[in-house]
Amino acid sequence: MSCPALPEGFDLTDPDLHQHRVPLPELARLRQTAPVCWIPQPHGIAGFGDDGYWAVTRHADVKEVSTRPEIFSSHANTAIIRFNEHIPRDQIDVQKLIMLNMDPPEHTRVRQIVQRGFTPRAIRALEGALRDRAARIVAGARESGSGDFVTDVACELPLQAIAELIGIPQQDRSKIFDWSNKMVAYDDPELAITEEIGAESAMELISYSMNLAADRKACPAEDIVSRLVAAEDQGNLGPDEFGFFVLLLAVAGNETTRNAITHGMHAFLTHPGQWELFKAERPATAADEIVRWATPVMSFQRTATRDTELGGQHIEAGRRVGVFYSSANNDPEVFDHPEVFDITRDPNPHLGFGGGGPHFCLGKSLAELEIRLIFEAIADTLPDIRLAGEPRRLRSAWLNGIKELRVTYT
């Protein structure tokens with residue numbers, strides 16, 4: 001049965017659709033008329049051997065799903081809402097070793113360990129190095145005169161932040177960036193990255209990280225890796241667990257923040273009054289509005305562990321449930337004029353870092369720091385930056401990605 005609020009065959013996770021736009025009009029229609037709605041799919045097209053999913057579009061309902069892991073599981077089918085239809089099930093199941101795809105109590109155990117690296121003190125310790133790095137990135141862009149904002153500016157700081165956090169040597173950092181790109185770009189034929197190449201890149205990253213963990217376990221240093229894998233009497237991560245943790249960081253910390261920065265720059269350049277305001281006042285609320293506006297992860301999924309009810313709809317055990325953050329972040333029941341980009345928006349209870357609950361983004365403070373530092377550097381050094389072309393979007397089922405944004409820096 002098709003969702004009556006949508007055209008026949010319309011799928012909110014269609015990567016061809018997302019290559020052109022985020023389906024905000026259709027999501028608005030669902031919020032108004034069918035906030036929890038069954039979306040049929042051709043059998044197995046998402047890689048799960050089923051015929052569709054429930055789409056959850058209201059802010060309140062997305063939060064409810066996010067905060068009830070005992071009913072809505074991340075582990076059963078992972079949090080990724082759509083894979084390639086030809087992916088073997090064992091390739092999906094191996095991803096259950098990533099913290100994103102765990103449920104309590106295993107998720108609780110792993111998160112309690114890895115959050116040692118994300119304390120306020122740990123994040124503050126990175127600020128000086130990241131501020132210097134942001135200044136160098138922007139200065140380099142200025143020298144080039146014009147170029148692609150994604151590769152010139154947006155991509156490097158998130159990578160450097162993760163590398164600084166876990167102590168990856170400078171000479172190895174380009175490998176992390178390359179592997180990360182390939183892991184999430186398999187839906188985009190222009191990038192010539194197949195699902196197999198993406199899987200190989202993931203294994204390369206995991207192997208590199210496991211070796212790093214083994215080295216630190218044998219010879220602990222004063223860094224986060226040692227605190228995670230060599231901690232005494234506090235529990236620690238095994239080398240394989242650490243490898244999958246770095247894999248998560250490479251996507252959740254690198255790709256998402258890069259896209260937030262790129263969308264943020266595009267928003268500033270298409271809302272020049274907001275750019276002038278930022279340059280003059282640097283409001284502390286800007287980073288949250290950039291994340292709300294961008295919503296780099298458009299959707300994740302959960303799987304019902306038992307028959308339940310949500311938004312007046314009966315959901316059977318085993319059904320996949322898609323939570324659409326892009327919709328929740330534009331819910332007019334929560335945000336005044338959500339269609340307006342307003343860097344002074346306060347309060348701003350967006351769900352760009354997740355809907356609360358056990359999977360709320362561990363790196364929220366680090367991402368906000370990176371966004372603040374890069375835009376302060378741009379405002380200082382490239383105040384007259386301007387668009388030189390329309391953004392070219394990534395073909396992806398769940399990432400709101402921009403792969404190219406041509407700009408003039410001076």
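Predicted model: local features only at pLDDT ≥ 70, side-chain atom pairs only at ≥ 80, totals over all residues.
Residues are numbered from 1 along each chain as its sequence is written, and side-chain values use heavy atoms, with hydrogens and water left out.

Rings of Phe, Tyr and Trp (for Trp, the six-membered ring) are paired if their centres lie within 6.5 Å, and the planes count as stacked under 30 degrees apart, as edge-to-face over 60 and as tilted for the rest; by this rule there are 15 aromatic pairs. Begin with Phe268 and Phe278, a tilted pair at 5.5 Å centre to centre with 50° between the planes. This pair links helix 12 (residues 239–270), which holds Phe268, to helix 13 (residues 272–281), which holds Phe278, ten residues apart; helices are DSSP runs of H or I with at least four residues, strands are runs of E with at least two, and both are numbered from the N terminus. Phe268 is buried at 0% relative accessibility, and Phe278 is buried at 4%, where buried means under 20% relative accessible area, exposed over 50% and partly exposed in between (1.4 Å probe, protein chains only).

Next, select Phe300 and Trp398, a tilted pair at 5.8 Å centre to centre with 35° between the planes. Phe300 is buried at 13% relative accessibility, as is Trp398 at 10%.

Finally, go to Arg292, which lies over the face of Phe335 at 5.5 Å from the ring centre; a charge sits over a ring if NZ of Lys or CZ of Arg is within 6 Å of the ring centre and within 35 degrees of the ring normal.
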